[in-house]
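This report describes selected helices and a chain contact. Please examine the sequence and the structure shown below before reading on.

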Amino acid sequence: MSQTLPLLSILTFTPLIGALVLLFVNKNSHGVLRTVAMAVSVLTFVMSLPLITGYNSPGSDIGGFQFLENIPWIAAGPFEMNYHIGLDGISLWLVILATFIMPIAILSTYTAVQEKVKEYMICLLLLEVGMIGTFVSLDLFLFYIYWEVMLIPMYFIIGIWGGKNKIYAAVKFFIYTMVGSLLMLVALIVLYFKAGAGDFNILRFYELQLDPVTQTWMFLAFALAFAIKVPMFPLHTWLPDAHTEAPTAGSVILAAVLLKMGTYGYVRFAMPLFPEATATFTPLIATLSVIGIVYASLVAMVQQDVKKLVAYSSVAHLGFVMLGIFALNTNGVTGGMLQMLNHGVSTGALFLIVGFIYERRHTRQISDFGGLAKQMPVFATMFMIVTFSSIGLPGTNGFVGEFLVLLGAFESSLRWYAIIATSGVILSAVYMLWMFQRVMFGELKNPKNQVLKDLNAREVAIMLPLLFLIFFMGVYPRPFIDSMAPSIERMIQQSKGKKQVALVIPALAAPQDSVHGAPVAHEVK
Amino acid sequence: METIAMPAINLTVVMPEIILSVVAMVLLLVNVFVPSKNKAYLGYLSIIGLAVAAVSVVSGWGPAVSAFNGSVVQDNFATFFKMIFIISAALAILISDRYMAQEECNQGELYPLILFATIGMMLMASGTDMMVIFLGLELLSICLYVLAGFNRGNLKSNEAGLKYFLLGAFSTGFLLYGMALTYGATGSTKIAVISGHVMNNPTIASNPLFVVGMLLIAVGFSFKIAAAPFHMWTPDVYEGAPTPMTAFMSAGPKAAGFAAFIRVMIFAFPMLQANWSELLWILAVLTMTIGNIIALSQDNIKRMLAYSSIAHAGYALVGFTASNAEGAAGILFYMLSYAFMNIGAFAVVILIGKKGEKNGDVSDFAGLAYKKPLLAVVFTVFLFSLAGIPPTAGFVGKFYLFSAAIKSGYIWLAIIGVLNSAASVYYYLRVMVYMYMKDPTEEFEWAGATPSFVLCLLVAVGATLVLGVVPGTILELAQKAVLF
């Protein structure tokens with residue numbers, strides 16, 4: 001498919017241009033700053049919509065990478081890096097998620113952030129550049145650059161506009177992620193030299209046949225970087241800190257998009273690149289995921305701080321995602337992918353809700369609330385819906401994802417893990433509903449809560465798109481699944497099938513080799 | 001009766017050195033005979049001199065030309081390094097004027113001294129005879145001793161000058177002794193001849209005279225590039241020396257040390273690569289780790305940058321250990337990037353500093369982002385680059401150094417390197433924490449940036465970003481420069 005416009009590049013760099021424009025706006029005219037940032041993010045979102053319709057259009061490489069751009073970038077010495085970007089069914093929805101959540105996040109800052117508005121907006125837009133760039137990179141070097149660049153604005157968002165412990169949280173976030181990604185960088189370079197001369201094209205790396213020992217080490221390095229980002233138990237400790245201290249918009253983006261970088265990394269890189277190692281480590285990863293689900297749920301249950309509770313629920317939800325993708329069958333991976341989007345929508349919404357009450361009461365302690373439903377009926381309704389979505393009630397998006405994940409895991413070798421993980425569904429109902437009950441129902445005792453105002457029009461406007469998606473994805477997930485399916489199939493083939501390919505090829509090649517008397521078959525297991 | 005054959009004299013090979021010598025000497029005279037209180041114009045004149053020299057250096061790009069009976073060579077390797085020296089000298093001069101005025105130093109001799117130091121560095125990069133390298137080193141060192149103690153009224157500066165002189169002299173002794181022993185073992189001080197001798201006599205690897213000589217040379221150079229455990233002089237000298245001179249010392253002379261080190265090690269002892277790679281491996285790990293760990297606990301920003309500069313020498317040694325073309329090219333690229341980012345960082349430190357070397361603690365940067373946002377952003381770029389975070393020159397440089405090590409099979413070295421890099425993030429972030437996340441403690445008097453400062457910062461920040469985003473051209477040049 002030939003294309004005229006470099007759509008993805010335009011998409012990636014529109015926020016950057018927006019950020020540059022903001023540089024020249026007076027820092028005291030908050031209205032202008034917010035409007036420009038909002039306009040840019042909405043524009044980016046609108047421009048990302050043609051991707052949905054354009055992807056898998058007739059005549060295209062169904063399920064493959066589309067909207068390709070490949071421009072030589074650096075060629076020096078042994079390396080060749082290209083500006084190589086493209087999109088498949090897996091990254092498509094994550095890009096949309098990023099562009100979708102951004103205007104919502106920006107809109108949520110209108111009253112919450114009154115200081116250093118200019119810097120905040122610039123940080124948010126730069127973050128968007130990093131997020132889109134990460135998802136569309138097909139060149140591993142480019143991917144790494146975006147992956148790292150993304151840290152910088154997030155570090156500032158947490159560190160400057162965060163809560164009391166912001167500095168600790170920001171530095172922890174940065175260094176945790178940095179250690180993982182630097183080890184990944186080493187693995188990436190090793191991989192490059194293993195692949196021989198060429199470039200950092202991910203498609204080229206997919207074709208590599210690596211020996212199991214190399215695969216193990218490479219997988220460990222990649223998996224560590226991604227596991228920190230996901231975050232998987234026991235590497236999750238940065239997340240509650242970062243989430244609790246980050247400002248609302250930061251939490252929303254962190255939960256909705258940044259955590260998906262980790263799971264996306266597994267789907268795009270760690271698993272398809274190192275299939276044998278994936279098979280070897282599946283029990284370990286599944287165990288950690290299940291521990292993550294149960295442990296994080298239990299910890300969430302005893303949290304006093306609503307935001308921390310939501311943060312721990314994130315760890316549990318991401319555990320489901322990991323379990324699903326490591327089931328490595330259609331249902332599991334589809335469920336995992338859907339769950340990524342669902343988590344983005346529902347946890348994003350939860351953080352917004354926490355933000356709303358925090359803005360009103362400047363506290364997030366569950367004990368400070370109670371009976372808010374009487375005072376804030378609209379808020380209560382929305383909170384309820386989002387809570388249901390987070391629990392995974394049928395009819396909401398959460399159900400579809402979790403169900404597919406568990407189904408997939410049950411069908412695969414991870415059956416017993418699925419059984420334990422199911423308890424996580426119950427636990428999530430326990431901690432979410434319990435929290436909801438303590439915050440919203442009961443007597444309206446605290447006099448400070450008796451004067452609370454319900455959501456205003458702006459806040460309702462922020463929530464409506466999310467609520468719409470909660471139901472839409474819950475009732476009719478088909479469009480999402482359909483456009484993902486071919487790419488997911490490819491990914492599963494790639495992550496699983498290599499072993500079979502490796503077995504088949506020597507068999508085919510055997511007659512030829514036997515002529516030269518070289519026994520080959522036993523070399524490949 | 002035998003006639004002594006006069007070696008062919010080819011002055012074009014040493015033209016940059018000649019130009020700089022003339023400029024420096026003229027400036028000395030101008031300084032004496034032109035009665036003017038304000039000596040800043042000398043700085044601009046020396047920059048013009050450097051620019052002319054740069055033109056002459058660049059015109060030498062191409063096939064290698066040897067001159068003076070093989071004592072000096074004009075090759076791409078030397079050319080690349082000479083450009084690094086000129087750039088660091090020019091940037092250092094740009095930030096000297098205000099500092100020297102603030103500290104009430106007499107600037108008259110400052111600029112000629114910087115130029116003489118530059119000539120010394122150039123000779124180190126282009127020398128192919130141990131004696132020329134040694135003379136270049138001495139010329140450089142003597143200028144640096146004076147420059148380190150240039151702030152005569154300041155005790156710390158005096159201490160820096162004296163300490164540098166004593167330890168420098170000591171290390172020069174090692175180096176010279178090593179050269180003498182090598183001469184004894186091989187019968188020549190010419191690198192090409194030594195190399196030939198080593199090739200023809202593989203047994204020389206077990207000749208104690210030669211091995212000790214080689215080791216002593218390595219020790220001597222390690223002193224110059226401040227590799228651990230020969231780094232002890234660095235923090236005190238860097239902290240005490242006038243800040244612009246610290247910036248200069250950490251960029252130019254360090255690069256010069258590497259230039260000579262690479263030249264001697266790769267040319268003279270190519271056969272012994274396996275032996276000295278082990279040595280360099282240990283040196284690299286020690287240097288990175290010690291530099292980074294001690295930097296973690298520094299409160300004074302100059303001292304912090306001093307330890308960080310030790311760590312950066314360690315990263316460069318990783319590329320050296322790899323001893324392949326990528327590693328050497330990586331060092332070239334890294335030294336160039338380092339000149340920009342480190343001098344840039346020091347420029348910001350100077351701008352914040354007050355008379356008498358006050359205001360030099362990390363905590364003095366509190367709230368800088370809200371008092372001087374642009375300056376804070378510029379400093380942030382330098383710090384991220386020093387930490388090796390994309391899209392900056394520091395990242396690309398480290399990428400090449402570490403991948404060179406991986407290519408040669410030193411995966412563990414690369415892993416230790418990246419972990420060090422991650423640790424270093426902490427102390428660079430700490431400065432940013434103060435700049436962005438703490439409220440200003442007191443109102444600080446902003447002396448204002450002079451145009452020369454602005455120029456220096458613009459060049460440095462521009463280069464740091466350009467080398468980070470589109471490093472292709474420079475990397476290619478670096479690759480060509482190491483095709484010996």
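## A pair of helices in chain A

At what angle do the axes of helix α3 and helix α14 of chain A cross? In this predicted model, the axes of α3 (residues 89-112) and α14 (residues 330-361) of chain A cross at roughly 5 degrees and come within 10 Å. Because angles under 35 degrees count as roughly parallel, α3(A) is described as roughly parallel to α14(A).

Residues of both helices make this contact. On the α3(A) side they include I90(A), W93(A), L94(A), L97(A) and I101(A). On the α14(A) side, M337(A), M340(A), L341(A), G344(A) and G348(A) are among them.

Helix α12 of chain A covers residues 275-301, a run of 27 residues. From its first C-alpha to its last, α12(A) reaches 37 Å, which is close to the 39 Å expected at 1.5 Å a residue.

Where does α12(A) bend? The bend, of about 50 degrees, is at F281(A), and the proline P283(A) follows within four residues.

## Where chain B touches chain A

Between the two chains, 28 residues of chain B are in contact with 26 residues of chain A. On the chain B side, the elements that give two or more residues are α14 (325-352), α17 (393-407), α18 (411-437) and α20 (472-481) of chain B. Of these, α18(B) gives the most, with twelve residues.

The side of chain B that touches chain A is made up of 21 nonpolar, four polar and three charged residues.

Key
Residues are numbered from 1 along each chain as its sequence is written. Chains are lettered from A and ligands numbered from 1 in the order in which they are written. This is a predicted model: local features need pLDDT of at least 70, side-chain atom pairs count only at pLDDT 80 or more; totals for chains, interfaces and linings use all residues. Axes are lines fitted to C-alpha atoms, for helices over the stretch in contact, and angles run from 0 to 180 degrees between N-to-C directions. Angles under 35 degrees count as roughly parallel, over 145 as roughly antiparallel, 65 to 115 as roughly perpendicular and the rest as oblique. Two residues are in contact if their C-beta atoms, placed from the backbone, lie within 7 Å. Ala, Val, Leu, Ile, Met, Phe, Trp, Tyr, Cys and Pro count as nonpolar, Asp, Glu, Lys and Arg as charged, and the others, Gly among them, as polar. The expected span of a helix is 1.5 Å times one less than its number of residues. The bend at a residue is the angle between axes fitted to the seven residues ending there and the seven starting there.
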